[in-house]
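User: Hi, I'm new to this one and would like a careful walk through it. Could you show me what you are looking at before we start?

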Amino acid sequence: MKFRKKPLHGVKLENKLKNRQLKQQNVAKKQRKEQKKLRQAVKDAAIRTPRPLETYRKRPEEEEEEEEFLESLPTDMMEDDDLRQMTDMARKASFITRDLSSCAPIHSTKKRKSEVIRSYEKVPRKMAKTEEKEVIHLLPIKDKSGVIPQSVERGEGGLVSSDWFTEEGAGLKVIIIKRLKELRGMLMESDPAVAVTVRKLVMVSLMEIFKDIAPTYKIRPLTSEEKAAKVRKETQQLREFEESLVSQYKFYLEDLEQTIKDWKQQKKKRSQAVGFDSYRGLAEVAIRCLCELLLALPHFNFHNNIIVALVPLMNDPVSDMCCDAFRKLFQQDKVGGAALASVRVVSGLVKSLNYNIRPEVLRTLLSLRIKEVHMKKDLEDTAPKKKFMNNKEKKKNLSRMQRKWKKAEEKLEKELLEAEASESKDKKIQLHTQTLNIVFLIYFRILKKAQKSVLLPAVLEGLANFAHLINLEFFDDLLNVLQNLIQSGDLTNQESLHCIQTVFIILSGQGDVLNVDPLKFYSQLYQMLPRLHAGAPNDDISIVLRCLDAMLTRRRKQVTLQRAMAFMKRLSVLSLHTLPNASVGLLAANRAALHAFPKCDFLLDNEVQGSGFYLPELDEPEHCNAQNTALWELHLLQRHFHPVVRRFAVHLSRGAPSEGSGALGVELSRRTPVELFDDYSVKDMTFNPPVATPTSKKKEYFTVGATLLDDELQKQVEKALNEEEAELDFTKTQTPIT
């Protein structure tokens with residue numbers, strides 16, 4: 001039996017009819033629900049005081065009966081006008097019937113429970129908030145009660161207003177120029193009651209503002225061609241901002257300089273409301289602002305002008321502030337441009353004042369960072385190291401054409417690296433060379449024309465610091481000058497020590513090619529050792545330790561054994577009466593000498609080596625017969641109150657071994673004598689490490705003093721006490737006291 005299939009168009013028509021019927025049923029059901037809600041809304045609108053939604057809910061039985069009744073009613077029982085009126089009324093009361101936790105319309109389809117919960121979670125929570133105002137913190141003020149913080153709300157006026165915080169960059173820049181001009185105008189405050197305070201605060205405020213808004217590059221003036229060329233709007237705004245910034249910065253620096261000049265010249269303008277007594281305070285604030293800008297903006301415009309303004313003040317009563325600023329500038333200057341400009345101005349100041357300046361001006365030059373550069377190195381040493389492939393790796397990993405390209409690429413990279421390294425290194429060396437030439441020019445002028453001035457100690461200290469960088473052609477003349485200064489007898493111990501240190505630094509460097517016998521300098525240091533200060537200001541000991549390192553350790557091949565033993569003996573004697581840190585440094589120098597000259601262990605033996613007697617008063621180390629003495633001072637130092645001195649004394653008395661029971665620890669053996677001298681300093685009146693206090697030993701009984709005397713002497717004492725007018729004859733020989 002075969003079934004005949006229905007045609008395709010008949011199936012489609014049947015489906016359409018079913019869909020239409022279902023749609024009509026759904027529409028009718030929605031209309032009934034809508035009418036139900038409308039009737040409920042009309043009923044609720046009549047009541048003024050709405051109740052919670054839960055009170056309108058009915059029991060399930062009542063809802064089913066009402067729904068059956070509504071379904072039995074015809075859909076067209078209401079007229080259009082009535083339906084329209086009820087719809088309008090329902091819209092007015094929809095805030096009561098609608099679910100407030102949902103944003104869906106009334107005619108939306110029924111959702112699942114999970115979807116309802118998810119939609120509820122997405123609804124933003126609204127809480128009552130108070131409007132928060134932005135607070136701008138200003139500089140605090142200080143009165144008798146203390147520091148009072150200052151703040152202002154955004155948009156209240158004054159310096160901090162709403163237009164100050166404009167989001168557009170161009171508008172902000174225009175506002176900042178405007179504000180800088182207003183602040184500069186406050187420097188001319190004329191009210192005598194607040195003029196000094198306002199001017200000081202404005203100086204500091206402008207200084208901080210310029211430190212914050214100044215770019216990290218130097219702004220150069222535009223050429224006529226650049227001004228005539230058409231540029232973008234942003235570029236033009238940037239140019240105007242930079243031009244205005246430089247102009248305001250220049251005016252600010254001129255105001256600071258004029259304040260300092262008025263204080264130095266004691267001038268008072270008619271329009272000024274500041275007395276002479278307040279000039280110094282204003283000038284100190286202006287100088288401090290210039291010092292801060294000197295350190296904070298070394299790359300910005302007018303830096304050389306700040307240097308020219310501050311260098312003469314290094315010789316004034318405010319010299320400490322300016323000298324500290326230049327020391328910091330020299331230490332943080334890595335390239336050398338700022339240091340070169342400063343040294344040039346210092347040289348001009350020394351020459352213009354005819355060497356009548358303070359020694360602190362020259363001592364600031366000791367902070368120059370030129371010790372690291374000794375000479376020009378080869379390009380291979382200065383160029384950054386980069387690993388290139390060798391021939392085996394190239395043949396193994398690359399084809400013939402790739403090897404060819406790789407070879408050309410590596411050659412180009414090497415050339416670029418060498419050019420970059422040589423350019424930066426040559427620039428740095430060139431700046432440092434020019435700086436050193438000016439520094440040595442200052443020193444040599446003073447040595448030639450002002451040897452008896454107060455600048456000589458600073459000059460000798462500077463020569464000792466930069467002696468390894470002096471050109472070889474100046475060595476002969478410099479050694480003769482230093483020798484004459486020492487022999488003149490006009491120098492102090494510290495100045496003479498600086499001369500000796502300079503000589504041996506020269507001879508241990510490039511001067512080793514010179515045919516110079518420094519025996520006189522050895523003798524001069526040897527005779528100076530007993531005269532060194534043994535008290536608190538023992539800075540001379542640190543110079544002596546540096547000299548000994550250059551004279552004995554580094555020149556061990558040019559020093560005789562007799563000379564080395566003489567120095568070891570005199571250093572041991574000196575360590576008996578110096579402070580603990582000096583004793584530690586001197587014993588460490590003896591340890592270094594003993595390692596450099598192993599045959600000096602003769603001094604640890606009581607037997608005599610050779611003929612003659614030791615002559616401690618002779619000031620010639622070669623002829624004092626030091627080989628015929630012993631370091632008996634080490635036995636006394638083993639009972640020293642400082643524990644580190646005791647350890648060094650025991651270590652040396654056993655021959656300074658590098659291992660074993662008599663060896664020193666790593667913390668002591670790896671440090672130089674100068675480092676040990678600084679580490680165990682007693683400047684703070686404290687011992688490092690702490691020294692234990694001795695225990696008190698009280699005697700159980702006391703003896704009468706008379707029983708300790710000789711019998712015959714006791715009789716003479718009693719006779720003298722009884723006979724007040726009796727005269728004792730001390731010329732007669734008395735029996736010795738047993």
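Analyst: What follows is a conversation about helices, rings, a cavity and some loop residues.

Analyst: Please keep in mind that this is a predicted model, in which local features need pLDDT of at least 70 and side-chain atom pairs count only at pLDDT 80 or more, while totals for chains, interfaces and linings use all residues. Residues are numbered from 1 along each chain as its sequence is written, and side-chain values use heavy atoms, with hydrogens and water left out.

User: Okay, helices then. How many residues has α7, and how far does it reach?

Analyst: Helix α7 covers residues 195-213, which is 19 residues, and reaches 27 Å from its first C-alpha to its last, close to the 27 Å expected at 1.5 Å a residue. Helices here are DSSP runs of H or I with at least four residues, and strands are runs of E with at least two, numbered from the N terminus; the expected span is 1.5 Å times one less than the number of residues.

User: And which residues of α7 are buried?

Analyst: The buried ones in α7 are A195, V198, R199, V202, M203, S205, L206, M207 and F210, where buried means under 20% relative accessible area, exposed means over 50%, and partly exposed is in between, using a 1.4 Å probe and protein chains only. F210 also belongs to a cluster that ring pairs build together with Y249, Y252, F300 and F302.

User: Switching topic: how many cavities does the structure hold?

Analyst: There is 1 cavity of 30 Å³ or more, and the largest cavity has a volume of about 50 Å³. A cavity is a set of points, on a 1 Å grid over the protein atoms alone, where a 1.4 Å probe fits but cannot get out, and lining residues have an atom within 4 Å of a point; points are joined across faces, edges and corners, and the volume is the space filled by probe spheres set on them.

User: What about α23, is it enclosed or open?

Analyst: Helix α23 is largely enclosed by the rest of the structure, because 11 of its 14 residues are buried, R563 and R570 being among them. The charged end of R563 sits over the ring of Y522, 4.5 Å from its centre, and R570 lies over the face of Y526, at 3.8 Å from the ring centre; this requires NZ of Lys or CZ of Arg within 6 Å of the ring centre and within 35 degrees of the ring normal.

User: Last topic: where are N354 and A656, and what is their phi?

Analyst: N354 lies in the loop between α13 (337-352) and α14 (359-363) and has a positive phi near 60° without being a glycine. A656, in the loop between α26 (643-653) and α27 (666-669), has a positive phi of about 55° and is not a glycine either. N354 is exposed, with a relative accessible area of 58%, whereas A656 is buried at 6%.

User: And how many disulfides are there?

Analyst: The count comes to 0 disulfides, a disulfide being a pair of cysteine sulfur atoms within 2.5 Å. As for cysteines, C600 counts as buried at 1% relative accessibility, and C624 is buried at 0%.

Terms used
Phe/Tyr/Trp six-rings, centres within 6.5 Å; stacked < 30°, edge-to-face > 60°. 1 Å grid on protein atoms, 1.4 Å probe; cavity = no way out; pocket = protein on both sides within 12 Å on 5 of 7 lines; lining within 4 Å.
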